[in-house]
Structure formats: C-alpha cells, structure tokens
Amino acid sequence: LSLDSGDEFGTSVSLSDDASLLVVGAQGDDGTAGTNTGAAYLFRFSDSDFSNGERAGIIGSGYSNTGDVAITLDAGDKLGSAVALDADGNRLAIGVSNDGGFGASDQTGAVLLVSFGDTTFTNGVLSATIGDGYTGGNNVDVTNLGKKDFFGTAVALNDTGDRLAVGAPGDDGSSAANAGAVYLFSFGGDD
C-alpha cells in the first residue's frame with residue numbers, strides 16, 4: 001500500500017459483519033483532481049481473523065485499476081470523511097463532507113452510495129449521490145443544505161443497507177448557527 005504525506009488514511013473505517021471486508025477512508029488523498037479530493041480504500045480478507053488481506057480497490061478521483069471506482073471530485077471535497085458498510089458488504093455509504101453540491105454552496109457536503117455485484121467488492125458502481133443539487137437517476141436533492149453544513153461528516157447504514165443516517169454538524173437548523181442535524185433516508189431494495 002503506497003500512501004503519501006497528508007493522505008489521512010484511517011479517517012474513517014467500517015467492517016462487514018463477518019469482518020471479511022474493510023473500508024478505510026483517506027479524506028486527504030489527492031487522486032488526480034487535486035489536493036484533498038479524498039478516497040476510500042477497499043480491502044478483503046479470507047476470514048474473520050484478517051488472514052490473506054488484499055486491496056480490492058480504491059474509490060476516488062482518477063482510480064482505474066481492477067476493482068477501482070472512479071468518481072468525479074473537486075479539490076478539497078474530502079471523500080472518505082465517513083464510511084459505512086451494510087452487514088454483507090455489498091452496499092457502501094461514503095461521506096464527502098466538503099462537497100460543494102451540484103452547483104451549490106461551498107462545503108455543503110454529500111454522500112455517495114456505492115453498490116457491489118457481490119460481497120467481495122467486485123463490480124462497484126456509484127448508485128446515487130445525496131446532496132444539494134443532485135438530481136436524476138437515484139440521486140437525492142437535499143435542498144435545505146447550506147454553506148459549511150458538512151453533510152456527510154458521519155454516516156451509518158443499517159444491516160440490510162436500506163436505511164441511512166447522515167450527520168451534518170454545521171447545519172443551522174431553523175435558527176441556531178451550527179446547531180447540527182441528522183438526516184434520515186430509506187431506500188427500496190433496488191436503489
């Protein structure tokens with residue numbers, strides 16, 4: 001594993017229920033789009049004792065090797081600020097806490113939903129983006145996000161991957177600056 005100064009590998013971590021899959025956030029990873037675009041590293045093991053570990057892929061800007069999932073990012077987005085796997089490891093939520101939204105304000109934040117073809121991190125695809133201005137497909141437009149809400153600073157998926165909680169510590173709520181908020185989402189089986 002080759003890491004660079006400032007990658008912040010280990011910013012966030014998540015294990016599948018059987019401990020055969022591990023995701024590690026590296027919000028300072030530079031990818032190919034610029035400083036601190038961020039990345040999520042995927043690892044798999046042959047058993048729950050972490051035997052025969054191997055890197056299965058990287059999710060981030062410009063990664064294109066076998067098992068990687070290339071994501072369009074901007075400098076400073078900080079993908080990997082939070083990560084959460086469902087129990088089987090075939091659904092992954094990734095916080096991008098400094099994402100500017102789709103033409104929206106600076107550092108509103110976003111969450112990427114990545115699905116895999118099986119429980120070994122193969123055939124990963126970006127299924128949806130949740131954040132300000134993201135529409136079309138399975139994307140969810142969270143219209144009340146504002147500048148420096150940092151939506152995606154924390155994420156949690158339930159065991160089946162059909163319920164998601166997202167922290168936004170900079171959310172102003174109805175009247176208090178940086179009071180914070182938690183957003184709750186539910187998905188159908190094919191989302």
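User: What makes strand S8 (residues 110–115) and strand S9 (residues 125–131) a pair?

Analyst: Six bridges join strand S8 to strand S9, and the two run antiparallel. Two strands pair if DSSP finds at least two bridges between them, so six bridges qualify. A strand here is a DSSP run of E, at least two residues long, numbered from the N terminus. Within this pair, serine 115 stands opposite valine 125 in S9. Bear in mind that this is a predicted model, with local features needing pLDDT of at least 70 and side-chain atom pairs pLDDT 80 or more, while totals for chains, interfaces and linings use all residues. Residues are numbered from 1 along each chain as its sequence is written, and side-chain values use heavy atoms, leaving out hydrogens and water.

User: What makes the largest nonpolar core a core?

Analyst: A nonpolar core is a set of buried Ala, Val, Leu, Ile, Met, Phe, Trp, Tyr and Cys residues joined through side-chain atoms within 4.5 Å. The largest one has 19 residues, and those with the most contacts inside it include Val23, Leu42, Ile59 and Leu92. S6, strand S7 (91–96) and S8 are among the elements giving it two or more residues. Another core, of 18 residues, lies apart from it, with Ala93 and Ala128 among its members. Leaving aside neighbours within four places in sequence, leucine 92 is in contact with residues including Val23, Leu42, Ile59 and Leu157.

User: Which residues line the largest pocket, and how do they divide?

Analyst: There are 16 lining residues, with Thr72, Leu73, Asp77, Asp99 and Tyr134 nearest the centre. They divide into eight nonpolar, five polar and three charged; Asp, Glu, Lys and Arg count as charged, Ala, Val, Leu, Ile, Met, Phe, Trp, Tyr, Cys and Pro as nonpolar, and the others, Gly among them, as polar. S8 and S9 each supply at least two of the lining residues.

Methods: Helix = DSSP H or I, 4+ residues; strand = E, 2+ residues; numbered from the N terminus. 1 Å grid on protein atoms, 1.4 Å probe; cavity = no way out; pocket = protein on both sides within 12 Å on 5 of 7 lines; lining within 4 Å. Buried < 20%, exposed > 50% of the residue type's maximum accessible area, 1.4 Å probe, protein only. Contact = heavy atoms within 4.5 Å.
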